[in-house]
Amino acid sequence: MAGLIKREDIDEVRNRVDLREVVESYVTLKSAGIGSYKGLCPFHDERSPSFHIRPQLGTFHCFGCGESGDVIAFIQKMDHSSFTETVELLAARINYELHYEDGGPGPRREDYGKRQRLVDAHKVAEEFFRAQLATEEGSAGREFLAGRGFDPEVTAQFSVGYAPKGWDALLKHLRSKGFADDELKLTGMFSEGNRGIYDRFRGRVMWPIRDLSGATIGFGARKLYEDDQGPKYLNTPETSLYKKSQVLYGLDLAKKQISKNRQIVVVEGYTDVMACHLAGITTAVATCGTAFGTDHIKIARRLLQDDGTGGEVIFTFDGDAAGQKAALRAFEEDQRFIAQTYVCVEPSGADPCDLRLHRGDEAVRELIELKRPLFEFAIRAELKKFNLNTVEGRVQALRQTAPIVAQIKDSAIRPAYARELAGWLGMNNEDVNRSVGASIKRARLPKNADLQAPHPQPGEAEQAIPAAAFERPDHRDPVMRLERQALEVVIQQPQRLKDEQWQAFYEARFLAPAHSAVHDGVVAASSAGASATSWVEVIRDEVPEQLRSFVSELAVTSIPASDEHSLNRYCADIINGLIELQITHRKAELIGRLQRAEMAPEGEEYAQINRELMELEMRRRILRGT
């Protein structure tokens with residue numbers, strides 16, 4: 001086993017890896033000021049973006065849940081990997097050779113991080129399956145794919161492969177690449193019997209399922225042969241890598257367009273995703289053997305930047321009873337989105353793959369363009385259950401559909417749907433509005449509070465605070481606010497301070513204990529000669545542990561400046577304001593001494609205090625330019 005990674009190598013990896021590039025593999029970011037970006041937090045579900053990063057400082061902080069740190073901490077939290085595994089992963093990302101304290105070249109292949117070993121095994125398996133699709137036996141897979149309208153170029157584009165019919169073809173291949181059976185058992189690609197492990201996927205077309213970073217973490221398999229007694233579709237079981245409720249097929253291909261177009265199209269199968277992308281619907285994804293649930297919604301919302309400023313979620317379902325049921329399940333989750341939700345149901349029952357095969361790409365695009373609001377679909381589906389030709393049927397239908405209308409978030413749209421419902425039922429608007437109003441009151445239950453209440457925003461008292469020993473200062477107090485702003489400037493823009501400003505900062509006395517502790521951390525980091533790239537991390541290391549999150553918060557809080565000129569002016573004004581605050585403090589002390597002391601006006605001490613007061617006033621006027 002190799003020893004600890006050398007500290008200088010850890011620092012080099014941290015400095016070289018682009019935090020923004022890494023975070024954007026998981027979260028859609030938008031500008032939050034010069035050098036600052038924000039998005040929906042990947043560590044907790046929220047409606048308004050409170051997750052901020054500042055790439056030049058290599059720091060992230062969430063004002064909602066308090067998570068913070070550098071790029072290493074981010075990957076550790078997202079992938080649940082160890083510190084060493086994370087550094088090795090990031091080093092591989094930038095092709096940087098690590099060195100270890102024992103002089104070794106790093107971990108041997110068989111000693112490599114467990115998660116990375118699983119990822120490597122899936123990568124080798126994907127390459128194996130793709131190669132098998134081109135073999136003589138793989139012709140069955142090629143014929144199936146051709147029958148669905150996918151030629152070899154398309155199958156290569158989506159990395160589709162074929163699993164041979166034998167019991168140990170993949171097993172032998174992975175063993176030959178140095179993987180041990182104990183490792184392979186953890187991949188989900190093998191089943192275990194009395195004689196050991198054997199291939200789980202046999203005689204099937206194989207689709208690689210990837211995470212947001214593009215790493216293959218599982219497979220979806222479609223049977224080809226009549227003598228296959230298994231299910232039509234067989235997916236990787238739950239593993240440490242693959243959680244079906246947290247992955248979407250095609251997301252690695254669609255994520256950029258989802259973020260750009262503020263749209264996600266949810267289809268039902270792997271071939272539907274392929275058909276949509278080929279038809280130009282490049283925001284299409286599919287669930288992997290499970291319904292579109294809460295964890296999927298969290299992923300989609302982060303990519304959509306689902307903050308109430310636009311965006312749409314479109315579900316496509318077959319026109320049969322199962323498709324109708326799936327659409328209504330999606331409706332139940334609608335309230336978790338701020339984006340508008342729609343549904344596309346093809347009356348003939350054709351899925352996007354069938355549509356493309358028989359009617360071409362245009363038919364797929366038309367299906368998406370003819371989307372209907374999910375609320376309308378849900379209401380009409382409910383109305384079909386009742387005989388609207390009778391008074392009893394209409395009353396029962398109103399009782400069932402009024403709660404649906406009551407769930408509409410947009411208060412401008414809700415009355416319009418109430419009027420539509422009145423028309424569909426043949427009832428007057430007052431009766432329908434009364435029923436909808438009653439449903440709204442019943443819906444205001446405590447269990448829904450987490451969906452209705454916005455998360456705290458930067459500056460609000462509810463945001464994550466330092467531990468009790470360092471009570472969060474009240475920034476409504478102008479002095480506390482100026483102290484905080486000065487710390488933000490010094491942490492984020494240290495290169496903009498002149499020597500005399502630095503000297504004044506060193507000598508400054510901060511009144512709030514939390515601010516004072518961070519000030520001391522900055523002074524210590526400066527004295528230690530911390531580099532620009534390690535600046536924030538050194539400060540975090542120098543402050544008490546309970547204030548480290550607070551340092552990250554200060555490092556990512558947006559500075560109100562739109563360009564370099566205004567940024568320079570702002571930084572100068574804040575530091576000068578801090579200096580003037582110190583002058584004010586000192587003047588108050590001196591005046592107090594004069595008032596308390598019983599000294600003769602002609603005495604030396606009296607004259608000395610007055611001279612210092614005059615010097616302080618001159619400094620104050622110079623700062624103000626008067």
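**Notes on the predicted model**

1. I264 stands opposite V313 in β14. That's a handy way into the sheet: β12 (residues 263-267) and β14 (residues 312-317) run parallel and are joined by 4 bridges. Keep in mind throughout that this is a predicted model.

2. Stepping back, the sheet is an open one of 5 strands with mixed pairing, and the order reads β13-β12-β14-β15-β16. At the edges you'll find β13 (284-286) and β16 (372-373); each has a single partner strand, so one side of each has no neighbour in the sheet.

3. Have a look at D351, in the loop between β15 (340-345) and α14 (352-359). D351 is buried but has no salt bridge. The nearest side chain of opposite charge is R148, at 4.2 Å, and the salt-bridge cut-off is 4 Å. What D351 does have is a polar side-chain atom 2.7 Å from the backbone nitrogen of D354.

4. Even so, α17 bends by about 30° at Q400, with a proline, P403, following within four residues. Its buried residues are G393, A397, L398, T401, A402, I404, V405 and A406.

5. On to charges: the model has 28 salt bridges. One of them pairs R117 with E183, at 2.7 Å from N to O. This pair links distant parts of the chain, since R117 sits in α5 (residues 114-133) and E183 in α9 (residues 181-184), 66 residues apart. Both R117 and E183 are buried.

6. R484 and E553 also form a salt bridge, with the closest N and O atoms 3.0 Å apart. R484 belongs to α21 (residues 478-492) and E553 to α25 (residues 548-556), so the pair ties together parts that are 69 residues apart in sequence. Buried or exposed? R484 is buried, with a relative accessible area of 9%, and E553 counts as buried at 1%.

7. K185 counts as partly exposed at 38% relative accessibility, while E192, at 53%, counts as exposed.

8. Finally, which residues are linked in a network of salt bridges? Look at R7, D11, R14 and D70.

Terms used. Residues numbered from 1 in each chain as written. Predicted model: local features only at pLDDT ≥ 70, side-chain atom pairs only at ≥ 80, totals over all residues. Heavy atoms only, no water. Helix = DSSP H or I, 4+ residues; strand = E, 2+ residues; numbered from the N terminus. Buried < 20%, exposed > 50% of the residue type's maximum accessible area, 1.4 Å probe, protein only. Lys, Arg positive; Asp, Glu negative; His and termini not counted. Polar contact = N/O pair within 3.5 Å; in protein donor to acceptor, adjacent residues only side chain to side chain. Pairing = 2+ DSSP bridges. Bend = angle between axes of the 7 residues up to and from the residue.
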